[in-house]
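Dear colleague,

Here is the structure I promised to hand over. Please open it beside this message, and then read on for what was found in it.

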Amino acid sequence: MTGIRALHALPAGTDPGAAAGYAGRLRERPGCVEAECYRGIGDPGQIFLVVLWADQGDHDRHWASVLADPGDDLVYASLRPDAPEPPPAEFYRHARFHLD
């Protein structure tokens, strides 16, 4: 399996309950393998969202739907051009290797 792992730093002050709820809704999306929230080590008020998508197509379809209707999407709110200093987002290819 080759997937996309996305790491998003959510905006400062994001409600932990809202972040957990968002991750739960993401897990229901087609192609979302996992979505979890973590607190920052240096700043426990900072919340990071880590999402694993089954493949690039699933990730792209999710973002196409968010861009068509952003609503209250937490990641979109942090990445939009007028956000006051958008937090970083990183993307990694994810692959499993079988050693026989």
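How many helices and strands does the protein chain have? The protein chain has three helices and four strands, where helices (H or I, at least four residues) and strands (E, at least two) are DSSP runs numbered from the N terminus, and along the sequence they follow the pattern β-α-β-β-α-α-β.

Before the details, please note that this is a predicted model, in which local features need pLDDT of at least 70 and side-chain atom pairs count only at pLDDT 80 or more, while totals for chains, interfaces and linings use all residues. Residues are numbered from 1 along each chain as its sequence is written, and side-chain values use heavy atoms, with hydrogens and water left out.

Of the 100 residues in the protein chain, 34% are buried; buried means under 20% relative accessible area, exposed means over 50%, and partly exposed lies in between (1.4 Å probe, protein chains only). Among contacts (heavy atoms within 4.5 Å) with a separation of 6 or more in the protein chain, 61% come from residues 24 or more positions apart.

Helix α1 covers residues 16-27, and its 12 residues reach 17 Å from first C-alpha to last, close to the 16 Å expected at 1.5 Å a residue (the expected span is 1.5 Å times one less than the number of residues). Its buried residues are A19, Y22, A23, G24 and L26, and what covers them includes β2 (32-39), β3 (47-53), α2 and α3 (74-79).

Helix α2, residues 56-68, has 13 residues and reaches 18 Å between its first and last C-alpha, close to the expected 18 Å. In α2, the residues D58, H59, H62, W63 and V66 are buried. Seen down the axis of α2, these buried residues fall within an arc of 130 degrees, so they line one face of the helix; the arc is that of the directions from the helix axis to the C-beta atoms. The face turned away from this buried side carries the exposed residues R61, L67 and A68. At the start of α2, a side-chain oxygen of D55 comes to within 2.9 Å of the backbone nitrogen of G57.

Finally, the search of the whole structure for disulfides (pairs of cysteine sulfur atoms within 2.5 Å) finds zero. As for cysteines, C32 is buried, with a relative accessible area of 11%, whereas C37 is partly exposed, at 27%.

Conventions
Polar contact = N/O pair within 3.5 Å; in protein donor to acceptor, adjacent residues only side chain to side chain.
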